[in-house]
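Trainee: Before I use the labels on a model, I would like to see each one set against its cut-off. Can we go through them in turn?

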Amino acid sequence: MYTEKVMDHFMHPRNVGEIENASGVGTVGNAKCGDIMRIYLDIDENQVVRDAKFKTFGCGAAIATSSMATEMIIGKTIQEALEVTNKAVMEALGGLPPVKVHCSLLAEQAVHAALWDYAQKNGITIEGLKPPVNDVDELDEDEE
């Protein structure tokens with residue numbers, strides 16, 4: 001059902017925890033399944049993600065996508081981090097069962113919410129960044 005990579009990120013998640021005084025924090029959930037994902041970002045003066053941590057309440061796929069998403073954005077500029085999509089997270093994990101695709105969407109949206117928080121705190125606009133959603137079920141089908 002799950003790929004070896006999904007199982008590895010579930011059993012040995014990377015970047016678990018919180019960042020004190022984070023540059024940006026984003027929290028999203030999915031009311032249907034009860035998953036909640038919070039991503040913390042530490043962004044340096046050059047707008048590069050120096051560190052990313054997560055806390056996720058959810059299934060193995062939610063934990064694995066959180067872990068992979070944080071791995072994918074560390075060292076990236078905020079613009080590059082914004083471009084990490086749920087599809088990219090799924091591909092990096094070697095795929096997810098169709099019923100678990102929403103977990104990768106949670107990861108993408110939690111990163112976006114954390115970037116939004118960073119932009120708000122710093123009075124900047126990040127090109128292409130939309131206001132975050134609280135629940136991924138609020139997204140249109142074509143955004144998934």
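Predicted model: local features only at pLDDT ≥ 70, side-chain atom pairs only at ≥ 80, totals over all residues.

Mentor: Residues are numbered from 1 along each chain as its sequence is written, and side-chain values use heavy atoms, with hydrogens and water left out.

Trainee: What makes S2 and S3 a pair of strands?

Mentor: Strands are DSSP runs of E with at least two residues, and helices are runs of H or I with at least four, numbered from the N terminus. Two strands pair if DSSP finds at least two bridges between them. Strand S2 (residues 35–43) and strand S3 (residues 49–57) are joined by 8 bridges and run antiparallel, so they count as paired. Met-37 stands opposite Thr-56 in S3.

Trainee: How do you know that S1 pairs with S2?

Mentor: By the same cut-off of bridges: 7 of them join S1 to S2, again antiparallel. Gly-29 stands opposite Ile-36 in S2.

Trainee: Why are S1 and S3 called edges of the sheet?

Mentor: The open sheet has 3 strands in the order S1-S2-S3. S1 and S3 each have a single partner strand, so one side of each is left without a neighbour in the sheet. On average, neighbouring strands are turned by 15° against each other, direction ignored.

Trainee: Which strands does helix H2 touch, and at what angle to S3 does it run?

Mentor: Helix H2 (residues 60–73) packs on the sheet, touching S2 and S3, and its direction makes about 175° with that of S3. Contact means heavy atoms within 4.5 Å; axes are lines fitted to C-alpha atoms, for helices over the stretch in contact, and angles run from 0 to 180 degrees between N-to-C directions. H5 also packs on the sheet, touching S1 and S2, with a direction about 145° from that of S1.

Trainee: Why is Ser-104 called buried?

Mentor: Buried means under 20% relative accessible area, exposed over 50%, and partly exposed in between (1.4 Å probe, protein chains only). Ser-104 has 0%, so it counts as buried. Ser-104 is found in helix H5 (residues 101–122). Leaving aside neighbours within four places in sequence, its contacts are Thr-65, Asn-86, Val-89, Met-90 and Leu-96.

Trainee: What makes Arg-50 and Asp-42 a salt bridge?

Mentor: The term requires a side-chain nitrogen of Lys or Arg within 4 Å of a carboxyl oxygen of Asp or Glu. The closest N and O atoms of Arg-50 and Asp-42 are 3.0 Å apart, so the pair qualifies. Arg-50, at 49% relative accessibility, counts as partly exposed.

Trainee: How many salt bridges are there in the whole structure?

Mentor: A search finds 5. Among them are Asp-51 with Lys-53 at 3.8 Å, N to O, and Asp-117 with Lys-121 at 3.2 Å. Asp-117 and Lys-121 both lie in helix H5, 4 residues apart, about one turn of the helix.

Trainee: What makes the phi of Asn-21 worth a remark?

Mentor: Most residues other than glycine have a negative phi. Asn-21 has a positive value, near 55°. Asn-21 sits in the loop between helix H1 (4–11) and strand S1 (24–30), and at 73% relative accessibility it counts as exposed. Gln-47, not a glycine either, has a positive phi of about 60°. Gln-47 is in the turn of the hairpin formed by S2 and S3, which has 5 residues between the strands, and with 30% relative accessible area Gln-47 is partly exposed.
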